[in-house]
Each structure stands twice: as structure tokens, then as C-alpha cells.
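This report describes selected local features of one protein chain. Please keep the sequence and the model in view while reading.

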Amino acid sequence: GELTRTYNKNTNSPSQSANNTQNENNKNILDGCYHLYLDVGSNNGVQIRKLFEPTKYPTANVHSVFTTYFGTPEKRKNSFEGRVVCAVGFEPNSHHTQYLKQLESSYNKCGWRVTFMTETAVSDHAGTARFSTDEAYEHMEWGGGILPPDVNYEAKENVGNKTAPQLMPVTLVRLSEFLKRIKNINKIPTITKPRVKIWDLNKL
């Protein structure tokens with residue numbers, strides 16, 4: 001069924017978030033994947049929902065792209081001929097954590113290989129950062145990010161909405177290091193290699 005997005009005022013503490021991220025990093029979430037879709041900046045997960053639930057977004061332009069590279073919707077959802085489609089989403093905004101983890105859990109129960117690395121952003125180096133909101137809550141804060149307000153003019157230095165939950169620290173993952181995990185996948189057929197395609201889906 002549909003998921004309701006709400007703010008989680010009981011968000012994990014920074015230390016809990018760090019431990020969760022470390023635990024996620026210690027396991028190879030790409031084991032068994034034939035196709036891999038990376039959603040870098042998931043927001044509330046709409047692009048991954050289009051991958052597995054395209055009928056909910058009938059006018060989206062990305063459907064033909066997904067079909068070309070990942071197969072028809074039925075093949076994606078049912079791992080046709082063992083070609084498992086995996087999706088990994090990175091989202092730094094802790095305001096989306098509760099919803100994304102609900103979505104991940106629901107998809108995993110359907111047998112769909114989806115992982116959201118929440119309170120996490122990709123970069124050219126590992127480390128930590130701060131998420132700066134644009135306070136456009138009606139648009140899921142899509143103009144926010146880890147770039148500071150002097151670079152991202154949509155971001156706010158001082159948050160005006162004092163009722164919104166505190167934003168949690170962001171863990172930076174070096175994207176090239178994450179992609180090295182592909183070399184270590186040991187559960188895919190030996191005659192195949194996982195396929196990776198990167199797009200800018202802002203208009204899809």
C-alpha cells in the first residue's frame with residue numbers, strides 16, 4: 001500500500017547513525033546483483049519507485065530508459081533468468097530517513113533488492129558533512145544539499161522553521177570506493193558482470 005511520509009522526531013542520535021552506516025558499509029549489499037541502479041540524491045525515493053512501480057508514474061520520461069537497461073517492469077521485479085536488479089539510493093537529508101527505511105522494508109518484503117543509505121552523501125572523499133535545507137518542505141526540500149549556503153543559494157544558513165526536526169550529521173562516502181565493491185561480488189554467474197549505467201535523471 002501507499003506509505004505516509006512524516007517527520008520522525010525520534011531520529012537516531014549521531015552516534016547511532018554512524019554505527020548504522022558503518023554496519024551497512026561492512027556488508028556487501030551488492031552480492032547477487034546483475035544490474036545495479038544508483039540513485040545519488042534519492043530525496044523521497046521517487047526514481048527508485050519508478051524503477052519498480054512504474055504504473056504509479058505513467059507520464060514519467062524515464063520508463064523507456066529503465067526498460068532498455070534493466071528490462072521490462074515484470075523482469076525487473078521477478079529477477080528474470082536470475083538477472084537480479086538492485087537499486088541503491090543515497091540521501092543526506094535525515095528528514096527523509098523514516099520514510100525511505102519504510103520504503104526499503106516494503107520493497108525487500110516484495111523480494112526487490114533496494115537499499116537506501118540514509119544520512120549519507122557521495123563525494124570524492126570520505127568524511128562528514130552538514131545538510132543545508134532550502135525549507136521548501138512542500139517540495140521535500142529538493143533544493144537542499146551538502147553544499148553550504150555560500151555555494152548553494154537555495155540553502156538556508158539559519159532555519160526559520162523551528163518545528164522541523166533537527167538535521168542529523170551526514171556521512172560522506174567516496175563513490176569510487178563504493179563502486180569497487182562490484183569487483184568483489186561473488187554470487188553472480190561467472191560468465192556475467194554487473195552492469196552499471198549513470199544518468200542525470202533530473203528531467204526524467
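## Helix α3 and its end

In this predicted model, helix α3 is followed by glycine 71, a residue whose phi is positive, near 90°. Within α3 itself, which spans residues 63-70, the buried residues include His63, Val65, Phe66 and Phe70. These residues lie on the same side of α3, because the arc that they cover around the axis is only 160°.

## The loop around glycine 32

Glycine 32 is placed in the loop that lies between α1 (14-26) and β1 (35-40). Its relative accessibility is 17%, and since buried means under 20%, glycine 32 counts as buried. Although glycine 32 and arginine 83 are 51 residues apart along the chain, a separation of 8.7 Å is found between their C-alpha atoms.

## The three-stranded sheet

Three strands form an open sheet in the order β4-β6-β5, and their pairing is mixed. The edges are taken by β4 (120-123) and β5 (127-129), each of which has a single partner strand, so that one side of each is left without a neighbour in the sheet. On average, and with direction ignored, neighbouring strands of this sheet are turned by 40° against each other.

Strand β5 and strand β6 (residues 170-174) run antiparallel and are joined by three bridges. For alanine 129, the bridge partner in β6 is valine 170.

How values were computed: Residues are numbered from 1 along each chain as its sequence is written. This is a predicted model: local features need pLDDT of at least 70, side-chain atom pairs count only at pLDDT 80 or more; totals for chains, interfaces and linings use all residues. Side-chain values use heavy atoms; hydrogens and water are left out. Helices (H or I, at least four residues) and strands (E, at least two) are DSSP runs, numbered from the N terminus. Buried means under 20% relative accessible area, exposed over 50%, partly exposed in between (1.4 Å probe, protein chains only). The arc is that of the directions from the helix axis to the C-beta atoms. Two strands pair if DSSP finds at least two bridges between them. Axes are lines fitted to C-alpha atoms, for helices over the stretch in contact, and angles run from 0 to 180 degrees between N-to-C directions.
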